[in-house]
Amino acid sequence: MIRDYMQLNESSHALNSTNNPYADSEATLLGDIHRVRRYFHFVINTVKDIPYLDRRAVDLAITEIRQTYDDDGNVLNNIHAYLTTFCLRNTVIDANAHKQQHHDWTQERERLATQNKIYTTQVSELEKTVSAKKQLAEACELGVKNTFKKKEESMKLVDKLIAEAVAANSTGAALMKRNEAQRMKQMIEKEVNDAQNRLHTIQKELSDVRAPIRELETKVAEADEQIRNLDSLLSIDLADAHRKLNVKYGRGLLLYGPPGTGKSEILKRAAIFAGITMTTVALAAGELNRPYVGETERLLADIMYRSNTIPFLICAMTIDEIDGLVPRRDNNAQQSKVDGISVLLSHIEGVKNIPNLIVFGATNRRNMMDEAFLRRMQAKCFVGRPSPHIRKKMLAPLLCKDLKVFTANRIDFLVKVTTNFSGAAVGALKSSIIVAMDQYREPDSLTDKVLLELADNAAREFSCWFGIGTLPEICRLYPNIIAATGHKEKYSLKLPNSSPSGRILVDLQERKCLIELSQAEATLEYDLGTEETSTLTLISRFVNGCSSRNVDTIQIIDMNFLSKYNAFDENKIFELLTTTFEECDEYNRSMLIFDIDSLIMLSVSDSQMSKSVSISNIHLYQFIREKCKKAIVEQPTKGPNTAAKEQLKERWIVMIVKHPLLRSLLIDDIEFKKTLQQIQQEQDDETQRTDNESVKQCPKCQQSYIPSKISHGSCHYHDGFVFDLDQNMALGYDQAQRIAQKAKLMAHGGNNDQNWKPSKLMWTCCLGLYGIDSPCRVGICGLPEELKGQTIELDKDLTMVVQQHFMKNEAAVRNIKEFMKTYTPSQIGNVAGRPSITSSSNLSNYKK
Ligand SMILES: [Zn+2]
Ligand SMILES: [Zn+2]
């Protein structure tokens, strides 16, 4: 057995080039000691008492991996949690112990029951005393009441006696009587006091007796609770219960995610460091797939049975690209592949179960794997591309190479350019930069252009696509979109004092970038730069924004993206988008950019009657629309909990849209919040609308009207002013009204001022007689056209404003001047002090 152990261990350490197998990892030493310990326990048949893995070894192993593997996600945490399940010890209690326990519990239950009986008897005895005392107390209470009554009556008598005594002018008999009365008063008071004291004593005695009853009752209730617990304990099968309490080890660990993220390396190191026995070197699914029927299964079974020789150790086999071995079982799957799946399944957790074997798998294509197999892999962790922070950490050492070439700004530039790069690609770029620095030597010759070329190569080598091309390529096509210097804070998505909802709408038509905020806040509005005319030229904005929030990945979804993956029919498109969305969702922070105009086709049907526009690929639109609703940016909960801060999810959705119809449709459908300006506009419109439906008074004809229901011809008015022909002056409407009234009154003999003669009043516009001729103009109620554009103070009386306006009617002024030349005023009643106004300048100066 030790020979087996040595053999297996040798193969797993074959990759260590040093002679000292513990140079890399101290955890391995702890793990190996634990393995030896398990062997000895196995020999003396007590291996069940110690767990598969040593907790210290597992903890240390994760710490050691963290030193070389940069990870700000939760991969290592997940692996740690998975491995810790193997550190749990299962409690095993033998049959005798069970019997003893059962016996103890039964006895305890009996004891409690008897005790309760005694308590209950005590209680009932005490209750008797209590009821006796209670009767006594009640009697006492009655006594007190009676004495009070007696006291009241006696007091009345006493008061009467005293009063009589006082009235009797201190004669001897009266004095006697008074003394008698006072004595009586004292006696009664004493009687009352005594009765009250007696009552107090009795009440105290009563509560003294009641206290122990309450105490006993609580004791009984507690014991009852214990009895119930013991009853339920006694009713279950303990051996069975303990078996069921055993921790079920996860029999598989699957790491998935884009290529080049170091999944296999993490698996290998985690297993070796923590003290898991590797039964073979890491295998690739391709190596296991053999052309002859049954050969793959035999090979697999052979490797798996190795674990049977060392049942005291936990063994693992690592399979890279495991999707090739367990492909999704659809109708046209190869029979040999299906056999491979069933062999794996039956050995992991099936008929031929090997309990001490776990399977480690790594894959780039989780969605292509067999469902049943995926279910067996209890732990599934996503290994994503490095976030901006991690990329910065990886690239920062370049600063040490040559500070002249690599400034902090340049590192930031590289961090942005390497958006969506895998860890391996960033590593490759770093090496190629080091080589290039040696080649160019002159610090100035290593330009941004050279750097972009190197980055482009690395991106292509490791398939780190950004839309259809690579980000460095786009940067070369559109220089300055990611500048090496400056613009650091430009387009930042770190919004002070407001929390974004994760949805951004870029309106290419209105040239606005709208950032929606969560809660009740209005959407923020930014103007687009002149160069931002297409999805590609907008990238700068979002690459900068993402780097400000440490967003791990950006994906552009447009027509080019679909055609790059040959997704032309609807099914293919949905499959591709689902995969892309799923991958983005795996990251803690991601951004999806939709070029809505290129994805959604509008079809315009132009019939004779009307022109209508509809969406021709409505399913895709609905699909995208639902995704847009799922944007989220989690806010840190207030408090010092930094661990929770790490796990905050951010799913940014950017919608770039140009067609006004698509934009308004989308905004309505996803209920995109409005900007402050839009809200204001809406409120104004609403006020205007209600205003148009309320009854108003026309400043021209003084009639009531509703603005929304007016029509031409409803308003009859004069557009000039009233002129007093006799006084040779312009009049206000009120003055004219007063004169007309006075004249009417006089006609009916109601005026006693015989000297007063009514003036002749005339409309200047049409020379019609005031109050007699009908208005010369017909129009729409409301302000005259000339005044509509002007701003009129809110508190001004519109009738006055209109009157003053009509006073300036030049045609009317001319009219009346001409007329006055031919008119001889009747020289009566020229009231002193009334100024004569004829010149137009005086007319226009007229105020009320
Ligand atoms: Zn007129
Ligand atoms: Zn009117």
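Is R503 buried or exposed in this predicted model? With a relative accessible area of 9%, R503 is buried, where buried means under 20% relative accessible area, exposed over 50% and partly exposed in between (1.4 Å probe, protein chains only). The model is predicted, so local features need pLDDT of at least 70 and side-chain atom pairs count only at pLDDT 80 or more, while totals for chains, interfaces and linings use all residues. Residues are numbered from 1 along each chain as its sequence is written, chains are lettered from A and ligands numbered from 1 in the order in which they are written, and side-chain values use heavy atoms, with hydrogens and water left out.

**The surroundings of R503**

R503 belongs to strand 7 (residues 500-507); strands (E, at least two residues) and helices (H or I, at least four) are DSSP runs numbered from the N terminus. Leaving aside neighbours within four places in sequence, R503 is in contact with a set of residues that includes L514, I515, E516, C628, K629 and I653, contact being defined as heavy atoms within 4.5 Å. R503 and I653 are 150 residues apart in sequence, yet their C-alpha atoms are 5.0 Å apart in space. A polar atom of the R503 side chain lies 3.0 Å from the backbone oxygen of I670, and a polar atom of that side chain lies 3.3 Å from the backbone oxygen of E671.

**Two residues with positive phi**

Most residues other than glycine have a negative phi. E671, whose backbone oxygen was described above in relation to R503, has a positive phi of about 55° although it is not a glycine. E671 sits in the loop between helix 25 (660-669) and helix 26 (676-692), and it is exposed, at 63% relative accessibility. N550, also not a glycine, has a positive phi near 60° and is found in the loop between helix 19 (535-548) and strand 10 (553-557). N550 is buried, with a relative accessible area of 7%.

**The zinc sites**

| Ion | Protein donors | Distance |
|---|---|---|
| Zinc ion (ligand 1) | H718 (ND1), C765 (SG), C766 (SG), C776 (SG) | 2.1 to 2.4 Å |
| Zinc ion (ligand 2) | C698 (SG), C701 (SG), C715 (SG), C781 (SG) | 2.1 to 2.4 Å |

Along the chain, the donors of the zinc ion (ligand 2) follow the spacing C-x2-C-x13-C-x65-C. Because C701 lies in the loop between strand 16 (696-697) and strand 17 (704-705) and C715 in strand 18 (residues 715-717), this pair ties together parts that are 14 residues apart in sequence. C701 is buried at 12% relative accessibility, and C715 is buried at 0%.

H718 lies in the loop between strand 18 and strand 19 (722-724), and C765 in the loop between strand 21 (761-763) and strand 22 (777-779), so the pair ties together parts that are 47 residues apart in sequence. H718 is buried with a relative accessible area of 7%, and C765 counts as buried at 15%. The site of the zinc ion (ligand 1) is tetrahedral, with angles of 98 to 119° among its four donor atoms.

How values were computed: Donors = N, O, S within 2.8 Å, 3.2 Å for Na, K, Ca; no water. Tetrahedral: all angles 85-135°; square planar, octahedral: opposite > 155°, others 65-115°. Polar contact = N/O pair within 3.5 Å; in protein donor to acceptor, adjacent residues only side chain to side chain.
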